[in-house]
Amino acid sequence: MATHSTPHAELNALNALNTSFPFTAIVGQEEMKLCLLLNVIDPRIGGVMVMGHRGTGKSTTVRALADVLPAIKRIEGDVYNRETRDGRTQDLSLLNSHESKVKSQKVQLEKIPVPVVDLPLGATEDRVCGTIDIEAALTRGEKRFAPGLLAQANRGFLYIDEVNLLDDHLVDVLLDVAASGWNVVEREGISIKHPARFVLVGSGNPEEGELRPQLLDRFGLHARITTITNVQERVEIVKRRRAFDENPAAFMQMWEPQQQQLRKRIVHAQKILHEVVMPDDVLLRAAELCMKLGIDGHRGELTVTRAACAYAAFQSKAAHGPIDVKYDDVKVMATAALRHRLRRDPLEIVDSDERVARAL
Amino acid sequence: MNWSDIVGLDSAKQALLLLAVDPSLGGVVMAAAVGSGKSTLARAFAALLPDGTPFVELPLNITEDRLIGGLNLEAALATGQRVVEQGLLAKADGGVLNVDGLNLLDDAVVTQVMDAMSRGEVRIEREGLSARHAAHFMLMGTYDSNDGAVRGGLLDRIGLIVPFVSNGDTQARAEVVRRNTASPLDERGAATDEMDMLRGMIGFAREQLPSITISDEQLEGIAQAALSLGVEGNRADVFAAKAALAHAALSGRDAVDDEDLQAAAKLVLMPRATRLPEPEQQPDQPPPQQEQQPKPEQRQQDEDTPEPPQPEAQPQIEELLLSAVEAALPGDVLNLPFTSRRGKSGSRGVQLNDKRGKFVRAVQGEMRGHRLALLPTLLAAAPWQRLRRIENEELRMKKGSEFSPILNSQFSIRVSDIRVKKFRDKAGTLFVFVVDASGSMALNRMRQAKGAVARLLQNAYVHRDRVALVSFRGQQAQVLLAPSQSVEQAKRELDVLPTGGGTPLASALMLGWDMAQQSRRKGIPNTTLIVMTDGRGNVGISGERGAGGKERLAAGGQQPTAKQQIEDELKQLSALIAADGVGAVVIDTQANYLSRGEAPRLAKWLDGRYVYLPNARAEQIVAAIDGAA
């Protein structure tokens, strides 16, 4: 075991960390994978909460998502990942130098991968929301806004592993921003508002700590994940993990064709999404389903229809629309979209999945 | 230090050698009481690793700042630059993180260690700083099982677990003494030789590791054994395969054989078992018959994913693994320390409050209603001084000669700098349900108790409370739910509620009292026992059954009868529990009110509250408990 004492070695170690397991090489756990992909296709679905057993690949899968995400365009060097000047920040005088480029007429666009921000559990609010640049204040006595993780996550994904262990206060901040799409910072005499639209993805193990009941239904989809019991699949998991650990680069290379194929499929689904049509009778049946399950409000219906549309787009091989959503598409997505919106009764013996299945 | 001088601890030594060969096994956790030689072992392990390998001790009282790192303010002020200081986790990168008392670590610290292990790096996103440091470390942890279990999420990331570290037999103990008193002179030379040889072996094994093979049948056997043992998740398979490979490498083999698989079963699968491979009551059952009768739970589990036909060799491998697990089990299977699922769990991470409990950290906030954390406030203000001086100067220029003491002060503190103290709130109450599972009304009682547990846990989130359940029947009392805050866990673990048999009330009270003392050590000061019974304890602590009416007649009623003895025992024990400050509520479930008398008396002995609720609903039970607390 060598120590990473030289800066070079340290850099290499960090680079090695950035190669994550290929998404397409993950065995099983189809529901979680589908929920994540549909949020890529339509971010309005409202995020995913993945709950389940330990050691079932929850965080591996979410972290693997980054590599199959399509590219987005943004104003060159913009820390808020903006594409146009619509999402204007207030109090421009405090922003970094690149901001002047945004103000000028010549706006250059660049392609970047969809950002995936992985929130560490010890994060404090000032780093999440942004604060005054500590280095500028120290060295030059300058007041400058240093954007936080929410700025980095704009138009991308924000992932919280072990979400049930995160400070309640921070969870509230995240949910507020996720709902409004704007981050407002009032600090040290500055006042800044910048766009922060992101897909919130959480994962956790219910045994590590209970989730606040109201937290769960703020997520669009809720995927449940259990230990894989199929022996052949388990053998495959071990083999792939060993191969990856031994030579990550070679393993990534081997899976690149599948990754490429998935990337293409996602881009295609995104392109035809606006041509997906939900016929009235299917919409009616989806509404009936929510009523039958006694789901309050319209968020359930909205999510299940959006998810069904995204699913139809993802499944479609047609180059052009229109594509009709079928009730079968609703059925596929109903459990993940609705299981966390049923009224909770602590003494209820029937599992929520079972209740959705019966209503179907 | 000499590896072979460490007597006993064979499993622990084996686990550490495997870890040295393949650090991606994550670490070694061992249950070790004081005086079992664990610190000697840690030092010896450090000596086995290449020179310069970091070996970092994690003290139990570590703060979050020191753990993950942060701004080095002194350096920052001196150089005027942002200087990020590495935390302990980053310092352990490429080496060993040693924790003595893994189960005593603060929840927030465990969470950070887990996070670092799952990422292989530490990420700092706090107090205006953003940094990442590599943190690939091997965790070497020990814990004393008397202080409770290690958090499940952490155990899951550590490959090798040694649940019984014993050097109990006298032969071995004598050997310890003999070697410790051996002449230091001839020891030194021999020690260096042996350590050099071991280091060489490990180095060679590491080189060989990538080329060692494991067959599909062997991997299938591992998966099947993990399933039979009810191991949660799929990570254990990976660890088991890696352990077998490391064992083969260390033994100089180029392919995994039975012995390697057995070592993996012992150190990886067995400690994660949640059920035994075969029914306990039929230990003599011949193996072939076993295969024809898959256990019901297993069949159920496999329903959704139909099993493909298994190759011939695989059941034999599974059998081999399972028998290795069995061989590693001690006789007293009921008291296994490895069932982490029944251990401490359900703690909701960082739960902080403003005034009570242990001081954890300072957070930004208003002073009203809080206690000011002076030093952190000054530290928070420090980086901004230069900026503020410039601002203040500008303001003063604008306002002219008008005197402002605030603008003139040397050190400027603003509202945003104010840091207030946050305390870890562990002041919740532990509610231990002690439920009589004997007699005809047992099922009913258990159902009521289960309902009340679920109801209490709904509120436990708010009150920081924990709930446990002990049932008693037959000869012994049994923990069905260890102190928990998780509704999910309670639901699952209380799924099966065994009933019937005699009434060992005293044993159950004893178990409840033990729990109270254990949780007090963990910072939960208050425990309330909720005893649901008709008050008739007819089996003593020693397990001897009290005499029924006929026997008492035969004894002539002269001498103190067994029943009398049991009653005395109960009375004394109750008085001790009451004196220890443990609260009690006795819920009398006796349907026939005429024969009441035992339960009120028990309540009196326990100095607790008595409630008569023969057909209690969950809400009524919770209301009765609230009234008492």
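Before we go on, residues are numbered from 1 along each chain as its sequence is written, and chains are lettered from A and ligands numbered from 1 in the order in which they are written. Because the model is predicted, local features need pLDDT of at least 70 and side-chain atom pairs count only at pLDDT 80 or more, while totals for chains, interfaces and linings use all residues.

Let us look at where the domains meet. Eleven residues of domain 1 of chain A are in contact with 14 residues of domain 2 of chain A, where contact means that the C-beta atoms, placed from the backbone, lie within 7 Å. On the domain 1 side, helix H9 (213-216) and strand E11 (221-225) of chain A each supply at least two residues, and E11(A) gives the most, with three. Helices (H or I, at least four residues) and strands (E, at least two) are DSSP runs, numbered from the N terminus.

Strand E11 of chain A also belongs to an open sheet of five strands, in the order E4-E7-E10-E1-E11, with parallel pairing; two strands pair if DSSP finds at least two bridges between them. Strand E4 (116-119) and E11 of chain A are the edge strands, each pairing on one side only. Within this sheet, four bridges join strand E1 (residues 48-52) to strand E10 (residues 198-204) of chain A, and Met49(A) stands opposite Gly202(A) in E10(A).

Methods
Contact = placed C-beta atoms within 7 Å.
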